[in-house]
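Hi there,

Here is the structure I promised to pass on. Have a look first, and my notes follow below.

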Amino acid sequence: MGPVAFATFVWALLAALAVVFAYELAITLRVWLRGRRTQ
Amino acid sequence: MELAGHPDPFTSGAHVPSRLMLAPWVLLATSAVTVGGFAVLGVLATRGRIGSVEDYVTARGSMSLHVATATFIASVMGSWILFSPAEAGVLWGLPAVIGYGVGSAVPLLIYLYLGPRVRRLIPRGHGVTEYTLARYGGGMYVLVLAITVFYMFIFLTAELTAVALAFQLLGGVPLFATALLVGLATLAYTTYGGLRASVFTDALQTLVLLPLMVVAFLGAILVLGGPDTLYEAIVEESPRLLRLDHVPGLYFAVYVTIAIAGANMFNQGYWQRFFAARDAGVLRRGLAVAAVAVIPMVILAGVFGIAAAGLGAVTSPSVAFFSLLVGALPDWIVLVVLLLVLLLIMSTLDTLLNGIASILASDLPRLGGGLRGTALLRVTRIATVGLAATAILIASFGFSVLTLFLLADLVCAACAFPALYGLYSERISGRGALLASLAGIAVGGPLFALALGGTDLGDVALLFLLSFGLALAVSVVLTLLLARGPARFDLGGLAADIVDLEV
């Protein structure tokens, strides 16, 4: 694996992790906001 | 050496580094606040909601999508991700690390298909042992009960031992202090609130755990000079670790996948969550997101092992990640990792504790002379406390359980297909499934013993691959051969055989 591929690989992994967090946060907030609206 | 989510930092002569990062009281105080906070939240969230054993072990139909996703992510991640992938990286390089990441997602992908089927066939089910008894009868049931409890208990002990050692490495905290603190706090909310508490805290832990992981990994990469600097250091020190065609690394990638997949088929925590999900769609999406999440987490953790090797920071492969922390990273990253370790350990510990409790709850009535209702709930709670106390004790002494863990993996790899094929075939009998499982163990066992005694890394990887691969292959082939006769079982009858614990 070359230097560019390695760097891309590492940044892609970090980005994937960040996306998973964003997704989890988004669906949690959606449920929370829906709950607040119905109260 | 270690594998498959099996933290065992003792096998390679790990030692406490000369420069401790943080004072023991700082670590203990931070830990007490964190684990105590989650314990209180877990208890408060489930107060007045546990009226029966069913509530305690199943929480049937209660998990919505965000909770399902979070609980699967939290359950699949243990403190092992900070030990084992990094070690695989140090020993076998990038192919092993990538294989480890992908392999960690395999059980979740299998459950994508298996979970909804289990829900359909056994709508009032509780777990894997109960299914085995109803489908196969006594012989296979005893084997599955033994390996399920054994595997989960060893996993529990290994996780507690790992967190205790991590704290000893980072701040010289005595093993018993960490094991006791983390063990008791997790036990408090799990014993009180059962699966509901476990799932609730998983949801919170995942929301904290994911950003902490991003911050810890990103911070560490930047502090170490970025990917380019790391690359140069690795190429200078151990270029083979970056080669994707490094053969022992490929051996490792395959056998670790078999080991992880096989063992997790008997992780009761997942089976409980099949039934706790609101519906099959929620279950599938939760599993799918967790499968996607686990891959980058494990691979990134493994890359740090390779980086540690490149930077010459490895005192022992099994604690490569922590060697890197102690050697090169600032205190704030160490503190973030400390919190990460705590969340990882709690989220796994509560799943395992309640998983074992649920097996006791569903199996004790058969063994304990008609235990029911509150008496069954009380006995289940007491037994959970007893198991946790034993695990805390073992972790306090720092005993290595690696060999037992690997053995459990092998047995699980041999039994997984015969046990689960019964969900799809009406032709395989209990005797056939048992025979196929035992044959797999008998074939893999001797090679496994040879691998344990090996010294050359390439040979060891190959022997483990042969051991796990043949155990799986023999059990699969025999199961299929023995399932060729007439139908011996009506799968439609499982739903009537397996009913609520209160009935």
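How many residues does the contact take from chain B, and how many from chain A? Chain B gives 33 residues and chain A gives 21 residues. Please keep in mind that this is a predicted model.

Together, chain B and chain A bury about 2,400 Å², with 86% of that on carbon and sulfur atoms. On the chain B side, the residues that lose the most area to chain A are H66(B), L207(B) and Y231(B), which together make up 24% of what that side buries.

Which elements of chain B give two or more residues to the side that touches chain A? They are α3 (65–76), α4 (84–121), α7 (175–223), α8 (226–237) and α11 (280–310). Of these, α7(B) gives the most, with 10 residues. By class, this side of chain B has 28 nonpolar, 3 polar and 2 charged residues.

Now for the largest pocket. Its space comes to about 440 Å³. It is lined by 20 residues, and those closest to its centre are H66(B), V67(B), V199(B), F200(B) and A203(B). Two or more lining residues come from each of α1 (3–38) of chain A and α3 and α7 of chain B. Here too α7(B) gives the most, with 6 residues. The lining divides into 13 nonpolar, 4 polar and 3 charged residues.

Best wishes

How values were computed:
Residues are numbered from 1 along each chain as its sequence is written. Chains are lettered from A and ligands numbered from 1 in the order in which they are written. This is a predicted model: local features need pLDDT of at least 70, side-chain atom pairs count only at pLDDT 80 or more; totals for chains, interfaces and linings use all residues. Side-chain values use heavy atoms; hydrogens and water are left out. Contact means heavy atoms within 4.5 Å. Buried area is the accessible area (1.4 Å probe) that two parts lose on being put together, summed over both. Helices (H or I, at least four residues) and strands (E, at least two) are DSSP runs, numbered from the N terminus. Ala, Val, Leu, Ile, Met, Phe, Trp, Tyr, Cys and Pro count as nonpolar, Asp, Glu, Lys and Arg as charged, and the others, Gly among them, as polar. On a 1 Å grid over the protein atoms alone, a cavity is a set of points where a 1.4 Å probe fits but cannot get out, and a pocket is an open set with protein on both sides within 12 Å along at least five of seven lines; lining residues have an atom within 4 Å of a point. Grid points are joined across faces, edges and corners, and a volume is the space filled by probe spheres set on the points.
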